Amino acid sequence: MTPNPTDRRESFMTDAKKLFIKTYGCQMNVYDSERMAEALGASGYTVTDTPDQADMILLNTCHIREKAAEKVYSELGRLKPLKSANPDLKIGVAGCVAQAEGEEIMRRAPLVDLVVGPQTYHRLPAMERAVRAGERAVDTEFPEEDKFEHLPKGPRARRAPAAFLTVQEGCDKFCAFCVVPYTRGAEVSRPVDRVLREARDLVERGVCEITLLGQNVNAYHGAGDGGAWSLARLIREMARIDGLERIRFTTSHPNDMDDDLIAAHGDEPKLMPYLHLPVQSGSDRILKAMNRKHSAAQYLRVIERLRAARPDLLLSGDFIVGFPGETEQDFEDTMALVREVRYGQAYSFKYSARPGTPAAERADVPDDVASDRLRRLQALLTEQQRDLQAEMVGREVSVLFEKPGRLPGQMVGKSDYLHAVHVADPRAQVGQIARVRIVESAANSLRGEIAA
Ligand code: 5AD
Ligand code: SF4
């Protein structure tokens, strides 16, 4: 038998340094935090969930909406006593705020030792050595090399049954409100063979559900056999991996929902019936001002085709209210679109001006007007979510059990439609997929019983 590499790790675990990572924002940051932990694992760090025991604290930040930088500075303020108590503690800022204002952070926050952007965290081990030697390190480049290829292979420990896998990063769409094209850079797809290798590795480590991640994931065009592969082709190839039972992907742009990807929702059983497809607004005038490059009718047509392929598809979306120039009529158009689609889940935000984006130059809708619209939209979205959840009662769904619930004897898992489902049954084991009959709908979860 080949020696288990995790055994070798034990030998230096005794004097391991402790790493605490606080993650803000999207799933891509969750994935990045895991990879940063792996990169620093090679430098002798193990992850801790208590900051006061850490030798290094990393804040993995998000810049998408308001006051992101302010939140980082106040969090850094809260870390000051820890740093005074332990002068050897190193503090780093990672992620999109680091990318956007790395030098500024170094200037304003002397307790920060290290600033690393989302494209350079494979260089963390070298930065860590510099920091231990008493330097301060900043790296917010967009390097030529591929960070994923320079990361150490993680310890081959078992993984939780559901995992994220980043396949695409950055965005070339330049929606007028959005900082992503500036913080994450131009759109880059990882090559097919590397994605498949990582997927197989995850499955060998106990993963049976993979969510493919990208800011614009359905624009995926990774180099593969015979040229660039579409996301649909990648999904179809991944579906052939034995032991991988469920595939999801997020986040998508309506204009990149191609025929094959729509068809895959109908004919690829491992592709789950849940889709996050942001529209932002239901008004053509605002969509144009947002530079979304599609109309409300075009979005609705995509939804119609998806539902023809997979009638039970559960949709989720993102909405922005109070975009500069939004009138009451524009907002009513958004409400009408929401009524037409019926979302099972949704994220809605008040517009916030992001410095450097085109919309930041335009006059804002008064804050009280925007707040009122957000309240009305959220009331409608909550009602839809509740109704669609209630419709699940009496139905049978498949549930992947992920962890024990709060009550004794209870397990929590995800339905194929991504609902959280609670089941109290000794037969429910982590990592197992079971047929579950839904018996009750609560505020944000369902309760079910294992079907005979
Ligand atoms: N203001 C408000 N919401 C925003 N989003 C992105 N940028 C902004 C902004 N400047 C929202 C969009 C996007 C989601 C990730 O965040 O709805 O889809
Ligand atoms: Fe931002 Fe638009 Fe790109 Fe999405 S598609 S990341 S909202 S610029």
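Q: What makes strand E17 and strand E20 a pair?
A: This is a predicted model, and the count of bridges decides. Strand E17 (residues 396–404) and strand E20 (residues 433–441) are joined by 5 bridges. Pairing takes at least two bridges, so E17 and E20 count as paired. They run antiparallel. Val-397 has Val-436 of E20 opposite.

Q: How do you know that E20 also pairs with strand E21?
A: The cut-off is at least two bridges. E20 and strand E21 (residues 446–450) have 5, in the antiparallel sense, so they pair. Ile-438 is set opposite Gly-448 in E21. The two strands form a hairpin, with 4 residues between them.

Q: Which strands does E18 pair with?
A: E17 is one partner, antiparallel over 5 bridges. There, Val-399 has Ser-415 of E18 as its bridge partner. Strand E19 (residues 420–424) is another, again antiparallel over 5 bridges. Lys-414 is bridged to Ala-420 in E19.

Q: Why is strand E18 called largely enclosed?
A: Of the 6 residues in strand E18 (residues 410–415), 5 are buried, so the rest of the structure largely encloses the strand. Buried here means under 20% relative accessible area.

Q: What is the phi of Leu-418, and where is Leu-418 found?
A: Phi is near 75°, a positive value in a residue other than glycine. Leu-418 is in the loop between E18 and E19. That hairpin has 4 residues between its strands. In the hairpin of E17 and E18, with 5 residues between the strands, Gly-409 takes a positive phi near 80°.

Q: Is Leu-418 buried, partly exposed or exposed?
A: The relative accessible area of Leu-418 is 27%. Buried needs under 20% and exposed needs over 50%, so Leu-418 is partly exposed.

Q: What makes E2 and E6 the edges of their sheet?
A: The open sheet has 6 strands in the order E2-E1-E3-E4-E5-E6, with parallel pairing. Strand E2 (45–47) and strand E6 (137–139) each have a single partner strand, so one side of each lacks a neighbour in the sheet. From one strand to the next, the twist averages 20°.

Q: How many bridges pair strand E3 with strand E4?
A: Strand E3 (residues 56–61) and strand E4 (residues 90–94) share 5 bridges, in the parallel sense. Met-56 stands across from Lys-90 in E4. Helix H3 (residues 68–85) packs on this sheet and touches strand E1 (17–23), E3 and E4. The direction of H3 makes about 175° with that of E3.

Q: Why is Gln-99 called buried?
A: The relative accessible area of Gln-99 is 12%. The cut-off is under 20%, so Gln-99 is buried. It sits in helix H4 (residues 95–108). Beyond its neighbours within four places in sequence, Gln-99 contacts residues including Gly-117, Pro-118 and Phe-142.

Q: What makes the approach of Gln-99 to Thr-140 a polar contact?
A: The Gln-99 side chain reaches the backbone oxygen of Thr-140 at 2.8 Å. The limit is within 3.5 Å, so the distance meets it.

Q: Which polar atoms lie 2.6 Å from an oxygen atom of ligand 1?
A: A polar side-chain atom of Arg-65 does. So does a polar side-chain atom of Gln-280. Others around ligand 1 include Asp-318, Phe-349 and Tyr-351.

Q: What classes of residue make up the shell around ligand 2?
A: The shell has 7 nonpolar, 2 polar and 2 charged residues. Among them are Cys-171, Cys-175, Cys-178, Asn-216 and Arg-292. Phe-174 also belongs to the shell.

Q: Is Phe-174 buried, partly exposed or exposed?
A: Its relative accessible area is 38%. Phe-174 has a positive phi, near 55°. Its place is the loop between strand E8 (168–169) and helix H7 (180–183).

Q: What is omega for the peptide bond that joins Thr-250 and Thr-251?
A: Omega is about 0°, and the bond is cis. Thr-251 lies in the loop between strand E13 (246–250) and H10.

Terms used
Residues numbered from 1 in each chain as written. Chains lettered and ligands numbered in written order. Predicted model: local features only at pLDDT ≥ 70, side-chain atom pairs only at ≥ 80, totals over all residues. Heavy atoms only, no water. Near = heavy atom within 4 Å. Nonpolar A, V, L, I, M, F, W, Y, C, P; charged D, E, K, R; others polar. Axes fitted to C-alpha atoms, helices over the stretch in contact; angles between N-to-C directions. Contact = heavy atoms within 4.5 Å. Buried < 20%, exposed > 50% of the residue type's maximum accessible area, 1.4 Å probe, protein only. Polar contact = N/O pair within 3.5 Å; in protein donor to acceptor, adjacent residues only side chain to side chain.
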